[in-house]
There are 2 protein chains.
Amino acid sequence: MKSRNGSDLWAFFEPRSVAVFGSLKDGMGLGYVLIKNMLDFGFTGKLYPVNPSYSEVLGMKAYPTVKEIADSVDLAVVITPPHTVPTIIEQCAKKGVKAAVIVSENFADAGGEGAKLQQQLVDITTQSDMRIIGPNTVGVFNAANGFTTIPYPFGYDGVRKGGIAYCSQTGIVLPQCQPLEDRAYPVSKMCDVGNKCDVNEVDLLNYLADDAETKVAALHIEDVKDGRSFMDAARRFAARKPLLIFKPARSEAGARASASHTGSLAVNDRVYGNAIRQTGAMRVNTWQEYWDIPKVFAYHSLPRGNRLAIISHSGGAGVVATDVAVESGLAIARYSDATLERLTKLSPRLAGNPIDLGPPLSMTDDPLSLQEKVISIVLDDANVDCATIVLYVGTMAPISYIVEMFERVLKNVSKPMTVWFYGTSLSLVEEVSRQLEWLGVPTYTDQETAVKALGALVRYSRFKSGLE
Amino acid sequence: MKSRNGSDLWAFFEPRSVAVFGSLKDGMGLGYVLIKNMLDFGFTGKLYPVNPSYSEVLGMKAYPTVKEIADSVDLAVVITPPHTVPTIIEQCAKKGVKAAVIVSENFADAGGEGAKLQQQLVDITTQSDMRIIGPNTVGVFNAANGFTTIPYPFGYDGVRKGGIAYCSQTGIVLPQCQPLEDRAYPVSKMCDVGNKCDVNEVDLLNYLADDAETKVAALHIEDVKDGRSFMDAARRFAARKPLLIFKPARSEAGARASASHTGSLAVNDRVYGNAIRQTGAMRVNTWQEYWDIPKVFAYHSLPRGNRLAIISHSGGAGVVATDVAVESGLAIARYSDATLERLTKLSPRLAGNPIDLGPPLSMTDDPLSLQEKVISIVLDDANVDCATIVLYVGTMAPISYIVEMFERVLKNVSKPMTVWFYGTSLSLVEEVSRQLEWLGVPTYTDQETAVKALGALVRYSRFKSGLE
C-alpha cells in the first residue's frame, strides 16, 4: 500500500517533463488547448504531446505512444476517450511515469461500464508506484510555476501567486471557471481530485501541509474515502496552518446527488461537523465563504485577541457588522481613553464603536483627511486587535486616493483588517477592491463575509493558543 | 392623532409641487444636486428652490422663504443646518405644505441638543396635518415618475421601473449608494425612514400595500416604534403581497449600535423573529438576501408546489443547490417517466435531478442545442414547479446565444426559475445577468441565494394557500 504522506505528490505540481495524451486539433483539441495553456502561463518544463495522428503540434514533436519518448516522464495528462485510458495508463506505468492526471470522464461517475474501467485504473495504480489524480477531473494548477492540466481556455493569462491552496472535488473551483484575475485571489496551488481512484483529500492535505508556498488551505469535499485518515490529516494540517472545509452533500438528497456525479456516497453530515471541529479545521458553508475567508489568513498574521473595531460610512452597515461580529465570536472593542479623546477632538460623534463616519464626513471640508485620521487612530489603539472597514467608493474621491490612504495606513499598522466597498458602479467597486487585494488587504463582495473572515482568524488564533 | 393608514403618504412619492431648502451652490450644494437629480430622472412636477442667498438656480426662480411661493406646495425637502429646520418646518406647516422630508442630520441621532431639536419637529407635526419623513434620511425615490429627495449624485440616470419597494432605516440602501443600474433591480419605490420623528414603517407598509406599482416589499428595520401596530401592518401587507424583513440589531451590541445612529433602542430579537413569522412576512438575514430575494416575487407568479428542478453545468454546484433546496423547504422533483425517457434519449447521464449537463455537453457537437432541449423538457414536466439553473458563461458561446435561448424558453414556460452564472470574467457574468433581468429572469451573484429565493417563493405560496 502506498504512503499517503504526500511526499510523492510533487510530480503533479512540479513535473520536470509532461506527456499530454489528447486531441491535438489546432486551436480546439483539448490536448492542444492544454499545451497552449501551459506555454501561456509560463511553464518551462519539457512537454511531450502524444497522439498517433500527429507528428507535430505548436512546434513540438508529437509521439505515437509514451514508449517513443526517450526522456523520462514525470507526469502524464490523459484526455482521451474512456476505453483508451487503461492502456495508456498501463503503458505509462511500464515506462516509469511517476504520476498521471486523468481528465477524461465517464468512469465511476457514469456507473456501469465506466465503473469497470475505473477499477482497471485502480488495479494499475495498486500494482505500481504511479500515482493518479482523477479520472473526471480538470486536475491541477500551480501558480508558482504556471503548470496546469486544465484543457480549457481561461480568458486570462495567469493566476496571482500567493498563499491559498484551493482543493476541491469539482472542476468548477478551478481557474477556467472562476474570475481569479478579476478578484486577484492570491493562490499557491489548486487541485480537483475528481473520482479519486487513487489520490484523495488525505494525500493532498499531507502534501500541502509541507508545501512552503501554501499558508492556508480551503478544501471543498463531498465525500471522504477514509474518515479516520482524513481526520488525522486535517488535524496534522490544522496544527500547522489554517484549514477551511466546505462540505456540501449535507442533506440526504445532496449526498445522493453527489454519488451520481462522483461515484461515491457521502455519510451522515453531523458526524463530519463534529469531527471537523475537533481537528482544529474550520467549516465554511457557502461558495462565497470558501473563496473569500482564506484571504485573511493569506495576508495577515494572527491577532492577539478578538477585539474588533468597526469603521463605516454607514450607520446601518455598522449595525450589521456588529451583529455578525457577535455571532462570529468577536468582541466589540472598547477604545482607550486616549483614543476616545483623540476621536472626540475630531468630532464628538466619532467616540464610539462602531464608528459612523457619515455625519462627521458631511460636516468637514476635508473628508478624506478626516477618514484617514480616524482609521489610523483606531488601528493604533492597543485595545483593538482587528478592524472591519466599510467605505463608499464613487463620486467622493478617485480610487487612487483610497488606495494611497491604505498604503500610508499599512506603513504603521499590521493588524488584521477587512474591507467592504459599496457604491453605484460595480466596475469601480471591483477595481478598488482588486487594487487593495494587491496591497494585501482582503476585500469582500458582501459585508457579512468581511466580518466572518475576522471571526475565523480569531478562532484559529485561539485554537493555536490552546484556548479552543 | 394622525391616521397611520398610509393614505396621506402620496405627497412624498407623487408631489405635484416641491420646495427645496438647501445650498444652491453651483454643482455642489446639496439643494442644487437634488434639483439636478429630479430634472435628470425625469420628474415633471413644479420645483421651488428656497434660499434667501439666491435669486435663481438652474433657470428657476429661487425664493427667500416658503411664504413667497404663490402656488400651493405638496412637499418640502429640507437640507439645511439643524438649528434652522424647526423654523422652516413651522413656516411650511403654516403655508399648508402637506409633507416634508428632512434630510439634515444631527437630531436624535446626535443626542443632546439634537434630540431637543427633534422634539420641536415632533411637536409641529403633532399640531398640524403635515407629515414628516426624517430627519437624518435621504428620503425617497419613485422609479415611476423619477421623483427623489436624494441630494447626492448617483453616477447613472435612473432606476429601472418594476415591482419591488425597498424600505429601510438607513440611507445605504438607496440609489446613490447602490449599483441599481448595473444590477437592473426592478424598483417601484424606495424610502429611508431615518429618525422617524413622524412617518415610520407602519405608515409605509400601509401605503405600499395599496400602491399599484408595488408587488413585493423588502423592509430593512433596526427598531420598531410600536410593536403591535407594526405586526398589524405587516399582517395586512403580507395578506396581500409578499413582505421580506431584514431586521439587524439582532444582538445586544447591535441594538446599542443602532441606538447610537438612529436615536432609538431596539428590543429583544427573538420577540421579533416569532412575531414576524406569525404575520406571514418572511425574515431575511443578509444584505444580499434583502436585495436579491424580492426579485423572484417581482417577476414570477407563485408556484403550485415545491418541486424543484436543478440543472447545472457543474455536478458540484448541483450538490450545493440540492443541500440549500432541502434546507429551504423545497423538494427535489421526480421527473415523470415521459421526461426521463426524453432525457435518456439525449444522454443516459441526464436522467436525474440535479441534472449535470457537464459530461453530455462535452460529448456533443452542438452543446447549445442540447442545453436548450434539456431545459425545455424539464420545465415542461408537470412534476416540476420551479427550477434553478447554473450556467457557465465565457468561451462556449456569446452572451447573445444564452439570452436568446432564454427568450425562446420563456415563450413556452411560465414557471418560476432562478439563474446563477459563473465564469472567468466578472464583466461578462454581470452583463449576461443584467440582460436576463430585463427578460424577467432573476439572476444571482451567489448560488445559495438563487435557491433560497425559490424557497421563499414557495413559502409565501403555502402561506397564501393557508398551509403555513
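At what angle do the axes of helix α6 and helix α7 of chain A cross, and within what distance do they come? Before I answer, please note that this is a predicted model.

In chain A, α6 spans residues 201-210 and α7 spans residues 227-240; their axes cross at roughly 15 degrees and come within 9 Å. Because angles under 35 degrees count as roughly parallel, α6(A) is described as roughly parallel to α7(A). The crossing of α6(A) past α7(A) is left-handed. On the α6(A) side, the contact involves A:E201, A:V202, A:L205, A:N206, A:L208, A:A209 and A:D210. The α7(A) side contributes A:S229, A:F230, A:A233, A:A234, A:R236, A:F237 and A:R240. Sorted by class, this contact comprises eight nonpolar, two polar and four charged residues.

Helix α3 of chain A, residues 85-95, packs with helix α4 of chain A, residues 113-127, at an angle of about 5 degrees, and their axes are 9 Å apart. These two helices, α3(A) and α4(A), are therefore also roughly parallel to each other. From α3(A), the residues A:V85, A:P86, A:I89, A:E90 and A:A93 meet A:L117, A:Q120, A:L121 and A:I124 of α4(A). Here the classes are seven nonpolar, one polar and one charged.

Finally, the cysteines. How many disulfides does a search of the whole structure find? Over all chains, the search finds zero. B:C92, for instance, is in no disulfide, and the nearest cysteine sulfur, that of B:C197, lies 13 Å away. B:C92 is buried, at a relative accessible area of 0%; B:C386 is likewise buried, at 1%.

Notes: Residues numbered from 1 in each chain as written. Chains lettered and ligands numbered in written order. Predicted model: local features only at pLDDT ≥ 70, side-chain atom pairs only at ≥ 80, totals over all residues. Heavy atoms only, no water. Disulfide = S-S within 2.5 Å. Buried < 20%, exposed > 50% of the residue type's maximum accessible area, 1.4 Å probe, protein only. Axes fitted to C-alpha atoms, helices over the stretch in contact; angles between N-to-C directions. Helix = DSSP H or I, 4+ residues; strand = E, 2+ residues; numbered from the N terminus. Parallel < 35°, antiparallel > 145°, perpendicular 65-115°, else oblique. Left-handed = near helix turned anticlockwise from the far one by under 90°. Contact = heavy atoms within 4.5 Å. Nonpolar A, V, L, I, M, F, W, Y, C, P; charged D, E, K, R; others polar.
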